[in-house]
Amino acid sequence: MTHDELVGLYLKEVARRGMGAGELLAAARSTTDLKTTTFFDRCLSRPGLLGHAEQTQLAADLANLHAALTALPDRMFGGDVAAFARAVGMTEVQVTAILRTQGAAPTKMARGDLYLDDTGFKVMELNMGSSVGGGDNVILNRAFLAHPMIAEFVAAHGLTYTDTLAETASTIFAETGGSPGDGRLIAVVDWPGTIDTWKAVLRRSAQEFARYGIEMVPCHLGELTVRDRRVWLGRRPVDVIYRVFLIGDLLDPNGPELMDPVLRAAERGEVQIFTPMDSQLYASKGALALLSDEANWHMYRPAELASLDRLLPWTRILRPGPVTVAGEQVDLLEYARAKRPELVIKPTAMYGGIGVVPGWLTDADEWDRQLAAAMDGSFVLQRRVRPVPELFPADDGPMPFVLTWGAYLLAGGYGGMWLRGTPDLDTGGVNMNTGASATCCFHEAEPAPADRPASG
């Protein structure tokens, strides 16, 4: 079945039973505390729904996108990771940090944030590394399945879900070694300025990871010490740092002083960092701009090109000079001014909608000011994607929302989904920082193979 068909059937079933959004949400909250999750108790009134073919195509496209992104240093810069980092907008202090902790291979931990328009999924950004959020989505999958109506719907239509926490645990083992119950201490390390916001969520996630044989302890970077050829949290030596702090934190006045001792310890092999700082290099929107540029398409394999064509909206690094649009050369600044309602300015390395300037919500004079401020800085210009609104149960009848689909790609492949939605249909971005609500996803299981005919 298709996503649209499944949503239509779900809404019909809710209407047939005379159920309102309040009942569905109350049922989810009755089985778990959503306040201590990345949902922050803001939960949409149904799960996302995907057909098997849609889910498998998206998984393949994201794998090809990851392959193309992580090959950019070799294909475009002769293997020079530092040159690649500078090209996508990293500062020199960030380049040094990337080189100091660079892994043997780029992490397989990623989440693509996508809109679904009338042609299919379009990726707004690919987040890479252990700092991506929403991985506790399985908590809501379990909570929804405790409601008889949702459990019956899932069973009747052959739906399932992917446990993102389990897939993340497998990725930790695959990329750092170790095994369930091996006694290693993994410190989940946030930035001092944000730990108060996230500590309850990190503690809940640590409890969930214990199901998979992983001991995690949340803390912030200032609580770690480096001595005796180890990194310590209090009196306990740390084996792995699960990095929640960001490469952007190096730009804080205290950033280098706090981060440098730990990065040097990792460079000496005294602690492992999951994931290394280079993961955020590939998550830069500047890297997506390099992929989007037709001038570079000769470097990609046919399967990668097909996936990029499906997934990527037109994206360019915001610099003066000519760019290619639909096969023709145009001046970037003239194009940006002429097509303002169809474009958005985005910083290359920020997250959560910070610094985004949607042209359709900005007047011409302010747009010109923003272009001038961003030109030659760490910004990209991207074509607007118009997501098709989706209906969700509400007490007064179905209500439309715009969704961001957060699809995980982990060591085992597709790693589940975390969706965020807003009723603002003209939004410049859907994120939890500006009040969005979130949900989990169910998808069709792989159809069972048809019975082979008996031989005669």
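How many aromatic pairs does a search of the whole structure find? The search finds 9. Rings of Phe, Tyr and Trp (its six-membered ring) pair if their centres lie within 6.5 Å; planes under 30 degrees apart count as stacked, over 60 as edge-to-face and the rest as tilted. This is a predicted model, in which local features need pLDDT of at least 70, side-chain atom pairs count only at pLDDT 80 or more, and totals for chains, interfaces and linings use all residues. Residues are numbered from 1 along each chain as its sequence is written, and side-chain values use heavy atoms, with hydrogens and water left out.

**Aromatic pairs**

- Tyr10 and Phe153 form an edge-to-face pair, because their ring centres are 5.2 Å apart and their planes stand at 80°.
- Tyr10 lies in helix α1 (residues 3-16) and Phe153 in helix α8 (residues 148-156), so the pair ties together parts that are 143 residues apart in sequence. Helices (H or I, at least four residues) and strands (E, at least two) are DSSP runs, numbered from the N terminus.
- Tyr10 is buried at 0% relative accessible area, and Phe153 is buried at 6%. Buried means under 20% relative accessible area, exposed over 50%, partly exposed in between (1.4 Å probe, protein chains only).
- Tyr161 and Phe442 also pair edge-to-face, with 5.8 Å from centre to centre and 90° between the planes.
- Tyr161 sits in the loop between β4 (159-160) and α9 (164-176), and Phe442 in strand β22 (residues 441-444), so this pair ties together parts 281 residues apart in sequence.
- Tyr161 is partly exposed at 27%, whereas Phe442 is buried at 1%.
- Phe77, Phe84 and Tyr282 are linked into a cluster by ring pairs.

**Charges over rings**

- Arg46 has its charged end over the ring of Phe392, 3.9 Å from the ring centre. A charge sits over a ring if NZ of Lys or CZ of Arg is within 6 Å of the ring centre and within 35 degrees of the ring normal.
- Arg384 places its charged end over the ring of Trp360, 4.0 Å from the centre.

**Cysteines**

- The whole structure has 0 disulfides (pairs of cysteine sulfur atoms within 2.5 Å).
- For Cys440, the nearest cysteine sulfur is that of Cys43, 7.3 Å away. Cys440 is buried at 0% relative accessibility.

**Confidence**

- The chain has a mean pLDDT of 91, and 97% of its residues reach 70 or more. pLDDT is the predictor's confidence in each residue, from 0 to 100.
- Residues 451-456 have pLDDT below 50. Beyond near neighbours in sequence, this stretch has 0 contacts (heavy atoms within 4.5 Å) in the model.
- Where pLDDT is low, the predicted coordinates should not be read in detail.
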